[in-house]
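Keep the sequence and the structure in view as you read.

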Amino acid sequence: MHVLRKVLGVCCLLAFPSLIAQQTNVFTTNVYKRIATVYGSEASNSVADWRQLINELQSEDLDEKLFSVNRFFNRFDFVDDVVHWKKKDYWATPIELIATGAGDCEDYVIAKYFSLIELGVPESKLRLMYVTALELGQPHMVLAYYETPTSIPLVLDNINRRILPANKRRDLVPIYSFNGNGLWAAKAMGTGKKLRSGGPMKMWDDMVERLDTVMNGDKK
């Protein structure tokens, strides 16, 4: 995973919330048919399970939303991009992760991010955070939830599946974090310093385009 190249390319996340907002009412019969055509009927049923979970969690408190979403996606198999997608780097949509039953840390985090925003968690409280996983000796991605802009975030992770405050995760060293509001240089797993982002982020754009194709059909 080429962390710095991916992170420093972040720029096109501002369109992300509108895509999320559209999802609640667009999982139509045609969407499930498109999923079944590409991945099979079992995959379509698995995506339906995700949608049912989102519906059931709407009235739950925040702790239950964080716990249930983290648990739902952590159950999928971890498979490296080269093995799973035959590409060095690939950002899967939540549907691709669920439909294939596998992904890597970035795929888990993107899916959790989608789900929590759809459950009403403000985007400003969520960041996709790149870290170094010390015990594995390699780059890693987690989802960070900030109750306030200056609070120590909670970490949703697939390595340690307990949701813990960042100061309890001594095995992680922060690098960068981002969401639709910008890109930050992480500082002690806290708010960090906001950086200017620039340049196209092709991998994110490609992921959003694939999701849009499944949700709305091929517009070509």
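Trp85 counts as buried, at 18% relative accessibility. Buried means under 20% relative accessible area, exposed means over 50%, and partly exposed lies in between (1.4 Å probe, protein chains only).

This is a predicted model, in which local features need pLDDT of at least 70 and side-chain atom pairs count only at pLDDT 80 or more, while totals for chains, interfaces and linings use all residues. Residues are numbered from 1 along each chain as its sequence is written, and side-chain values use heavy atoms, with hydrogens and water left out.

**Around Trp85**

Find Trp85 in the loop between helix 6 (81–84) and helix 7. Helices (H or I, at least four residues) and strands (E, at least two) are DSSP runs, numbered from the N terminus. Which residues does Trp85 touch, not counting those up to four places away in sequence? They are Tyr90, Ala92, Glu96, Thr100 and Asp107. Contact here means heavy atoms within 4.5 Å. Gly103 is 18 residues from Trp85 along the chain, and their C-alpha atoms are separated by 8.9 Å.

**Salt bridges**

How many salt bridges does the structure hold? There are five. A salt bridge is a side-chain nitrogen of Lys or Arg within 4 Å of a carboxyl oxygen of Asp or Glu. Three of them are listed here.

| Salt bridge | N to O distance |
|---|---|
| Arg210 and Glu96 | 3.0 Å |
| Arg169 and Asp157 | 2.9 Å |
| Arg169 and Asp171 | 2.8 Å |

Glu96, touched by Trp85, has a salt-bridge partner in Arg210. That pair links distant parts of the chain: Arg210 sits in helix 9 (residues 202–216) and Glu96 in helix 7 (residues 94–100), 114 residues apart. Glu96 is buried, at 7%.

Now turn to Arg169, which forms a salt bridge with Asp157. Arg169 lies in the loop between strand 6 (164–165) and strand 7 (172–179), and Asp157 in the loop between strand 5 (154–156) and strand 6, so the pair ties together parts that are twelve residues apart in sequence. Arg169 is buried, with a relative accessible area of 2%. Asp157 is buried too, at 1%.

Arg169 also forms a salt bridge with Asp171. Both of these residues are buried. Salt bridges with shared partners join Asp157, Arg169 and Asp171 into one network.
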